[in-house]
Amino acid sequence: ILNTSVSSDDLNSQTKEIEDILIDNEYDNSNGSVTSLAVRTVFPIFQHMIEFKVFNDLELNRLLELFTATNIFVTGPLYPWIKTEITDISQLSPFMPNFLINSIKTTIHFAKNLSSCQELYGDDRKYLVKYGYSDVRTMRSLFYYNFEQQYWTVNTHHQTAIIMPLKVFEIRGEYYHRLKAFYDTLDTEWDRDHVVLDLLTAIAFFNPNRPKLYRKEIVKFQQYIYMYLLQRYLLIKCGSETESQERFAKLMANMNELEIMGELRRKYGYKERKKPTFRCNYLRFV
């Protein structure tokens, strides 16, 4: 049920609680991140990789683990018959507490299903989630973005969905123009390929430039593994080393742009917290 009356203290408490989940190595599969549906979803493409021996066993295990972990981001039906269109950014205020908490929770469950994340220093796992969940959310929103008409369809988990046009962010100037260019570029580069999206999600998550990381080199090593797997996959998909390298370079440029947009989000969030006209501080997390 959508909670529109969450205070800042309540939200901070919930955020701290779910961040602490990363320190606990016990994980209950009943949370739903690994399901038979998830396995069935990735099985056809995984079976193809096995049959054609395009990856070795270690690479296949890493990919299957990633495909399974990213199924936590599948939100279910979008209830297309019950929709509310957002025309002003302030209309997002009632939805932001649940959106924020859900983004952090799904990122945590994603991370806990990656053995590579468990190899990290304890606090580094927490900081990757704390400073990276919004970038992960931006990547996964590709599945719910209409590239032709430039809007997202977002499930509110209350048997309704909101239509959020990209243009509502026009008031944010540079951030809007970068966000629009980001999606326009990815529209041609990711080719609606969920393998590419899953690998980009992992690359975005294992960002060694996050604040407060203790062992950046370990995080960077994990990121390089997923970059390598993406290069291999693109080479197989494109059939040309030149084309695959060009596409890889463009995708990595998008990852750099994603990081810049994250900084802009924090900048605009700081400004909005200073404005008394905003009733809800959660807009800083959009």
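**Note on the predicted model: aromatic cluster, sheet and helix contact**

1. Tyr145, Phe147, Trp152, Phe169, Tyr175, Phe182 and Tyr183 come together as one aromatic cluster, where rings of Phe, Tyr and Trp (its six-membered ring) pair if their centres lie within 6.5 Å, with planes under 30 degrees apart counted as stacked, over 60 as edge-to-face and the rest as tilted. Across the whole structure, the search finds 16 aromatic pairs.

2. Please keep in mind that this is a predicted model, in which local features need pLDDT of at least 70 and side-chain atom pairs count only at pLDDT 80 or more, while totals for chains, interfaces and linings use all residues. Residues are numbered from 1 along each chain as its sequence is written, and side-chain values use heavy atoms, with hydrogens and water left out.

3. The rings of Trp152 and Tyr183 have centres 5.5 Å apart and planes at 75°, so this pair is edge-to-face. The pair links distant parts of the chain, since Trp152 lies in strand β3 (residues 151–155) and Tyr183 in helix α7 (residues 174–189), 31 residues apart; helices (H or I, at least four residues) and strands (E, at least two) are DSSP runs, numbered from the N terminus. The rings of Phe182 and Tyr183, with centres 5.6 Å apart and planes at 85°, also form a pair that is therefore edge-to-face. Trp152 and Tyr183 are both buried, as is Phe182, where buried means under 20% relative accessible area, exposed over 50% and partly exposed in between (1.4 Å probe, protein chains only).

4. The four strands form an open sheet in the order β1-β4-β3-β2, with mixed pairing, and two strands pair if DSSP finds at least two bridges between them. The edge strands, β1 (83–85) and β2 (145–146), each pair on one side only. Strand β1 pairs with β4 (residues 161–165) in the parallel sense over three bridges, and Lys83 has Ala161 in β4 as its bridge partner.

5. The axes of helices α4 (residues 96–112) and α6 (residues 122–140) come within 9 Å and cross at roughly 100°, which makes α4 roughly perpendicular to α6. Axes are lines fitted to C-alpha atoms, for helices over the stretch in contact, and angles run from 0 to 180 degrees between N-to-C directions; angles under 35 degrees count as roughly parallel, over 145 as roughly antiparallel, 65 to 115 as roughly perpendicular and the rest as oblique. Leu100, Ser103, Ile104, Thr107 and Ile108 in α4 meet Val129, Tyr133, Val136 and Arg137 in α6, contact meaning heavy atoms within 4.5 Å.
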